[in-house]
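Here are my notes on the model, written as numbered points. Have it open beside you as you read.

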Amino acid sequence: MIDTIGLDADDTLWHNETIFADYEQRMADLVARYLPAVNFHERLINLERHNVAIFGYGIKGFVLSMIETAIEATEGRITAEEIHTIVGWAKEMHQHPVELLDGVANTIHDLETRYRLVLITKGDLWNQETKIAASGIADHFDVIEIVAEKDEATYARLFERHNIAVNRFVMVGNSIRSDIDPVVALGGRAVHIPYHLTWDLEQRIDPNISPTHPNYTTLSNIGQLPTWLATQR
């Protein structure tokens, strides 16, 4: 029987990717003043694939990658004033209010009396800590972990550190790459709750883990989680 639930944060408990998409569009509009036909998104993603290993995940790495992409795409013609504007966008993103997804608050309140809740999120430490504190639900978690990457090695360390039995654990999140594949590969269970936007670097699906895998379930919203959990033995 499941006794511990891991929950992702961004785009599982609160909105996140929509904020990034908004500021990426602002950046694309800015670059279009110089090169109307440039595919800014493609250029940005290609650069982020490289930069994530250097800057990590989060707003800082995203904005640095946008600035670098803009400089390259405009062949250095972007102005200091425009770069200053981009830095201002980074500050706005950090100050953006945390908006819980529908059903999150009630679901967390429901689950905390019956399960050990573990919040597992990756990204910039300061930014993630700030969002967690502002969410209003931090006190309902028994454990909060902010990690650099969510892969098999990371989950294995967390299971050992917090004495979590993998066969009694389920991970809940919106990312196949970060929340589903690693946990299922380790022998745990996972619940995929898709968000309407998914960052390109979270799109990878392990070909060895299919949607029909017995340890892999998809729900349309987090409000369905308590009912699903009640069926698990």
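This is a predicted model: local features need pLDDT of at least 70, side-chain atom pairs count only at pLDDT 80 or more; totals for chains, interfaces and linings use all residues.

1. With 16 residues, α1 reaches 22 Å from its first C-alpha to its last, close to the 22 Å expected at 1.5 Å a residue.

2. Which residues of α1 are buried? They are Glu-17, Ile-19, Phe-20, Tyr-23, Glu-24, Met-27, Ala-28, Leu-30 and Val-31. These buried residues pack against α2, α3 and α4.

3. Now take the pairing of α1 with α4. The axes of α1 (residues 17-32) and α4 (residues 80-95) come within 11 Å and cross at roughly 170 degrees. Angles over 145 degrees count as roughly antiparallel, and α1 and α4 are therefore roughly antiparallel to each other.

4. On the α1 side, the contact is made by Ile-19, Phe-20, Tyr-23, Arg-26, Met-27 and Leu-30. From α4 come Glu-82, Ile-86, Trp-89, Glu-92 and Met-93. By type, the residues of this contact are eight nonpolar, no polar and three charged.

5. Helix α3 (residues 59-73) is worth a look too. Its 15 residues reach 21 Å from first C-alpha to last, close to the 21 Å expected at 1.5 Å a residue. Buried residues in α3 include Ile-59, Gly-61, Phe-62, Val-63 and Met-66, and what covers the buried residues of α3 includes α1, α2 (40-55), α4 and α6. Just after α3, check Glu-75, which takes a positive phi of about 55 degrees.

6. On to the sheet. How many strands does the open sheet have, and in what order? There are six, ordered β3-β2-β1-β4-β5-β6, with parallel pairing. At the edges sit β3 (143-147) and β6 (216-218), each pairing on one side only. On average, neighbouring strands of this sheet are turned by 20 degrees against each other, direction ignored.

7. Helix α7 (residues 152-161) lies across β2, β3 and β4, and α7 runs at about 150 degrees to β3.

Conventions: Residues are numbered from 1 along each chain as its sequence is written. Side-chain values use heavy atoms; hydrogens and water are left out. Axes are lines fitted to C-alpha atoms, for helices over the stretch in contact, and angles run from 0 to 180 degrees between N-to-C directions. Helices (H or I, at least four residues) and strands (E, at least two) are DSSP runs, numbered from the N terminus. Angles under 35 degrees count as roughly parallel, over 145 as roughly antiparallel, 65 to 115 as roughly perpendicular and the rest as oblique. Contact means heavy atoms within 4.5 Å. Ala, Val, Leu, Ile, Met, Phe, Trp, Tyr, Cys and Pro count as nonpolar, Asp, Glu, Lys and Arg as charged, and the others, Gly among them, as polar. Two strands pair if DSSP finds at least two bridges between them. The expected span of a helix is 1.5 Å times one less than its number of residues. Buried means under 20% relative accessible area, exposed over 50%, partly exposed in between (1.4 Å probe, protein chains only).
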